[in-house]
Structures are given as structure tokens and as C-alpha cells.
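I opened this model to look up a few things and keep notes. The entries follow in the order I made them.

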Amino acid sequence: MPSDPALLSARALAGLYARRALSPVEALDAILARIARLNPRLNAIIALDETGARAAARASEARWQAGTPLSPLDGVALTVKDNIAVAGLPCTWGSPMFRDHVPERDELPVARARAAGLVILGKTNVPEFTLQGYTDNTLFGPTRNPWDPALTPGGSSGGAVAAVAAGLGPLALGTDGGGSIRRPASHTGLIGLKPSPGRVPRCDGLPAILLDLEQIGPIARTAADLAALLALLSPPDPRDPASRGLPPLAAPVPPPRQRILHVPQFGANPVEPEITTSVAIAAARIAKLGHCVETGEAPFTAEELGALFAPVSQAGLAWLLAQKGGEPEAPMLREMAAAGRALSPQAVFAAVDGIAAFRRRMAAFFQAWDLILTPAAAALPWPARQVAPPVIDGQAVGPRGHAVFTNFANLGGLPGIALPCQPSESGLPIGFQLVGPAGSDGLLCAMAAEWEAAKPWPDPVLGTCIGL
């Protein structure tokens, strides 16, 4: 067991608390010391609530001593992405337009984490309006990847994954509107879940500029930690109608034999060869676990997905700016907002109707298949201040070329989980994703546990993180 409590998993910490071998206060001291040492270089946490965290840790310590913990994760530290409301802390959304926004109420998942006794450390960095695939903004600057601080951890949950990968707390809450949990998790050697709509109920948050395409989900270093946090966040709530009627979260471990379609590439969109090879090895290993894995093509094209996703994101941003007043700082977002203002109502409703039709198509697809397996990202991490890699496998790509694999789950209303696989030759993490039918979040967690047991991945904070 590591001598530094900051390097322990959430479940390991809670086990020590229960045996009174470690206190939440001691664990928090270790994490805060690590934050003081590493965060100035990584810029993962942009608002640290040391006073609140210490008070929460002391209260948790008293509960464990009395044998009355609020949950299995009582006293475990958690960071929260800066587009999720935490009462009394800034919620800037990475934009000067929200520089002074300090919510008075927790968004529901944060309220549930607090009620379960988790220690909320603070807020993690995001790109402006969480609409880009890297993490930089004019308020706080770039977040850097613990595996190589010259590189990005991806986005938009870049601060969240950088914190967990560097040992600045074992758990994080992120959001995923087009892959913003899964791709950053793959760039940092973590596990991250984009839940089904309603699996993690939401209310009291920022405006939903991506409709129900964006969900709050957990980020962790182990499958057990992720499942434990998801269990605390997932009970239905009447304020989020999508949370009613979902199947139970629990799934058998190991899971029953699954019919899995492995899709290594979406059409002609390029993928870095190291990623293709690593994910193919993962697919073969999953087959050896007893699942039926076949390689084939996706039941859609990246181009048709882009035609659905673009109007929603453009119109959502334009609507937000009209309500708030002002313009984004990022040039790419200015272009997006201008495109949104130019859209006709007919175009927006056509996209919404197209998304509904796509969800029906995917429901039919999952009558023949149980899961889809793809790379989580088409590119390895790139320089931290660069919006996106301009070239993948020798081909010029646009700003979403690295993100081609993930938004079908958001458009389809499907859960998706990112898992680590064989790293690159230079040691950078690579991840793959599993996507299942709506409501199959528990199955994805069971698959993650089976994969981890069969092929344990190196814990980022115990591995050789370059430069740290």
C-alpha cells in the first residue's frame, strides 16, 4: 500500500476509515499537500475550498469514529468541474461572462455527494462554455496533462481528469456533451462514464445549452470507485423526469456474454495507428474473456452525426449569449455563435427531430448487438495551448477530427464508458470506449470491472508520470 494517502483509491480510503487506520483529516492533509506541490504546474483546480474541505473532513472523521458514516464514500475527496454549481464557489464556465457567478445552491449531484459525506475540494478548469476538446481559457489559462505537462489532458473535463490522474483527489464530477468525459479520461489513463440521460438526475445547474446531450458523470482511477460514486448519484428524482423508468443500476460481475461490434474507424476519418493497434488488442482480449467480438462498420456516418450535433450546439450557444449579453473570448466559439444566430427555426427543429429518429435507429441496432467498442479518441494528446491536433495519421483534420468517436453516444441518448488500454510507445495513455443501449450503465460498470480484473491498468499516480 502506498505510504501517501493521496495515492489511494476512494474505496481503499474508506476501508481505512472504517478500520480507524486512517482518518479523513489525515487523507485530506496529504491531498492538500499534493495540490500545493503539483497544481501550480498542472492548473487542474482553479478554485480550492480548503476551509470547507477541512470542516467536512473533521465532520466525517467524527462520524467514522462514532460508527455512523453517511455512505460508503464518507470522507473521500471529490473535485467538481467548473460548469457544475457548488454553493458558495465560483462557477465561471471558463468565461469572463460568468466571472462573478457564485451559485447559492448545489446542483443536485453535488448536493447528493455532500449529503453522502464526500469532501468537496473545489472546482476544476474547463474551456469556455465547455464547448471545446482541450482545456484553456482567458480566466485561468491552460490545464496540463500529468503524463506530460507540455500536452493537454483534453477537454472539456480536462481539469477534472488532470486532478484525478495526478492524485489531487481520487474522484471527480465531470460533464459529457460530446465526449467531454470519455476522451479526457482516455488521455490520462482513467475510467470515465457518460451516463444515460436521467441516470444522474440534474437540477439547479447552468442553462442546458446542449439539451439532454450533456450529462454529469463520474471520473475515477478504478472501476470500483466509479461504480461506488455512480451509485450515490443515481437515485431517481422527480425534478428530472428522465430519471424515472430506467432499469436498475446493478449488473452481475462478471457480466454475461456480450455481442460486441468493434468499430476501429468511422469511415475515412483518420486515427493514429498506435491507437488503432492498442484498441484492437483490447478487443481481442475482451473476446478471450468469453464475449463475441466482431469487427465491422458503424451503423451511421460521422458526417450525419455532425449535421445533427452542430445546429444544437450552435443554437444553444447563440441562445445563451442572447440571454446573458456579450461574446465568447474563443474565436472558434464566436464563429459557432454566429452560425447559431444564422440558423432558422426550421433548421433547429429538423436537428431535434433528426436526433429523435437517430435514437430510434440505435434502439433497433441494439436488438442485434449488446455493445459497440471503439477508440475513445482518434489522436494522442497534443500541445496544451493548441485547440486541436491539425493532423492525424498524416491527414489534415478539422477541430473535431480527434473527437469523431464519441458524440454518437450523446446524440443517441446512450451510456458510454472509457477504459484504459495499452499505452503508446512513448508511454502516453490510450483509451477505448464501450457504448451500450439506453439504461445499460450498470452493464458498462460490470464490463469495466471485468476488464480491470483481467488486465489491470497502471494507476496514473503510481505510474511514471512524465515531469512529475
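**Cysteines**

I looked for disulfides and found zero in the structure; the term means a pair of cysteine sulfur atoms within 2.5 Å. This is a predicted model, where local features need pLDDT of at least 70 and side-chain atom pairs count only at pLDDT 80 or more, while totals for chains, interfaces and linings use all residues. Residues are numbered from 1 along each chain as its sequence is written, and side-chain values use heavy atoms, with hydrogens and water left out.

I then checked burial (buried is under 20% relative accessible area, exposed over 50%, partly exposed in between, with a 1.4 Å probe and protein chains only). C91 is buried at 0% relative accessibility. C203 is buried too, at 14%.

**Helix α1**

I took helices (H or I, at least four residues) and strands (E, at least two) as DSSP runs, numbered from the N terminus. Helix α1 covers residues 10-18, and A10, L13, A14, L16 and Y17 are buried in it. Seen down the axis, these buried residues fall within an arc of 160 degrees, so they line one face of the helix. The arc is that of the directions from the helix axis to the C-beta atoms. An α-helix has 3.6 residues a turn, so residues three or four places apart point the same way.

What covers that face? I noted α2 (24-42), α3 (50-66), β4 (171-176) and α7 (223-233) among the elements covering the buried residues. Contact here means heavy atoms within 4.5 Å. After α1 comes R20, with a positive phi near 60 degrees.

**Strand β3**

Next I turned to β3 (residues 119-124), where six of six residues are buried. Two strands pair if DSSP finds at least two bridges between them. β1 (residues 45-48) runs antiparallel to β3, joined by three bridges. L48 has G122 of β3 as its bridge partner. β2 (residues 77-81) is parallel to β3, with five bridges. T79 stands opposite G122.

**Aromatic rings**

I counted 11 aromatic pairs. Rings of Phe, Tyr and Trp (its six-membered ring) pair if their centres lie within 6.5 Å; planes under 30 degrees apart are stacked, over 60 edge-to-face, the rest tilted. F266 and F408 are edge-to-face, at 6.1 Å centre to centre and 65 degrees between planes. F266 lies in the loop between β7 (259-262) and α8 (273-288) and F408 in helix α12 (residues 407-411), so the pair ties together parts 142 residues apart in sequence. Both F266 and F408 are buried.
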